[in-house]
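I opened my notebook to look up a few local features of one chain.

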Amino acid sequence: MRLVFAGTPDPAVPSLRRLIESPQHEVVAVVTRPDAVAGRGRKVTRSPIALLAEEHGIEVLTPAKPSEPDFVERLTALAPDCCPVVAYGALLPRRVLDIPRHGWVNLHFSLLPAWRGAAPVQAAILSGDEITGAATFRIEEGLDTGPVYGVVTEKIAVSDTAGVLLGRLAESGARLLESTLDGIEDGTVQAVPQAAEGVSYAPKIDAEVGHVRWDQPALAIGRRIRAVTPAPGAWTEVDGRRLKLGPVELVEESLPPRAVEVRKTGVYVGTATTAVRLNQVQPQGKRMMSALDWARGARLQPGAVVE
């Protein structure tokens, strides 16, 4: 099939690479978000999908909005049979959805109808789900409501961060997306309407979600930190200064909530249940370091607390 691929961040790269290498399909163009300012140097950066497409000499379309007349005209001229989508980052209007004869097929990183929305992997970890996965579905105008072609499942390990889990799902999801497109082309797969039960939503994660609330149970704190790692990142405050936190280790002893205790074996913080041991932390303006190195440099006073 003639494909126009839509995607933007790193998790979309395995899918595009797989489709470029597929003998059964031809990627004639990609659609991605416009160049953006990123990083400490505030440099204008191409999306990972744009960079991969350019490596292979594939046309790159970067509309500010998919409803732009010039984009609609170009997409129509490309005459795609299908438009696969992975984390594109913009809503598609009806006039654009109707252009490819097989529609737009989205790879979504959850087991729909669970966790519709922008941050399904983070939501699954935050909620303590044991199993998640990825699904391919045909895009409708509703939010991730379209009929499902296929799914793959993935067990969530107790140590999984959102970044690690999303990396695995990006690879297994890429295989699912390719097989879905193969099946659409030869007529062997059919989209099935989503169940009416079990619907949940995963809104975009902002920085405030990463603010650790130490009056919560240790298990919930551990999940929150893993869910926002690597982005937007978990954090707390010590002496009025923000401290970024890597994943923590749950231990079997207790401290008062928010209390910090520095020992030879590590830095411990009290929660509503048992304490946690900090591993890697990042003070403002500095690199990531061990919690013990940070505590020695910070010269924490007895009775120190986190906020």
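Predicted model: local features only at pLDDT ≥ 70, side-chain atom pairs only at ≥ 80, totals over all residues.

I read its backbone angle next: phi of Arg258 is near 80°, a positive value in a residue other than glycine. I noted the general rule too: most residues other than glycine have a negative phi.

Is Arg258 buried or exposed, or partly exposed? I found that Arg258 counts as partly exposed, because its relative accessibility is 32%.

I then looked up Trp115. Phi of Trp115 is near 60°, and this is again a positive value in a residue other than glycine. I located Trp115 in the loop between strand E7 (104-108) and strand E8 (116-117). Why does Trp115 count as buried? I wrote down that its relative accessibility is 15%, and buried means under 20%.

**Cis peptide bonds**

I turned to the loop between helix H7 (218-227) and E12, where I found Pro230. Pro232 is in the loop between H7 and E12 as well. The peptide bond from Thr229 to Pro230 is cis, with omega near 15°. The peptide bond from Ala231 to Pro232 is also cis, with omega near 0°.

I asked myself in what order the 4 strands of the open sheet lie. I read the order as E12-E13-E18-E19, with antiparallel pairing. The edge strands are E12 (234-238) and E19 (289-290), and each of them pairs on one side only. I recalled how such pairing works: strands of a sheet pair through backbone hydrogen bonds.

I zoomed in on one pair. How many bridges join E12 and E13? I noted 5 bridges between E12 and strand E13 (residues 241-245), in the antiparallel sense. Within this pair I picked out Val238, which stands opposite Arg241 in E13.

**The annotated region**

Last, I checked the UniProt record. An unreviewed entry there lists residues 204-298 as "domain: Formyl transferase C-terminal". I looked up the make-up of that stretch. Over residues 204-298 the chain is 19% helix and 31% strand. I also noted its ends: the end C-alpha atoms are 34 Å apart.

Key: Residues numbered from 1 in each chain as written. Heavy atoms only, no water. Pairing = 2+ DSSP bridges. Helix = DSSP H or I, 4+ residues; strand = E, 2+ residues; numbered from the N terminus. Buried < 20%, exposed > 50% of the residue type's maximum accessible area, 1.4 Å probe, protein only. UniProt positions renumbered as here; feature names shortened; annotations may be inferred.
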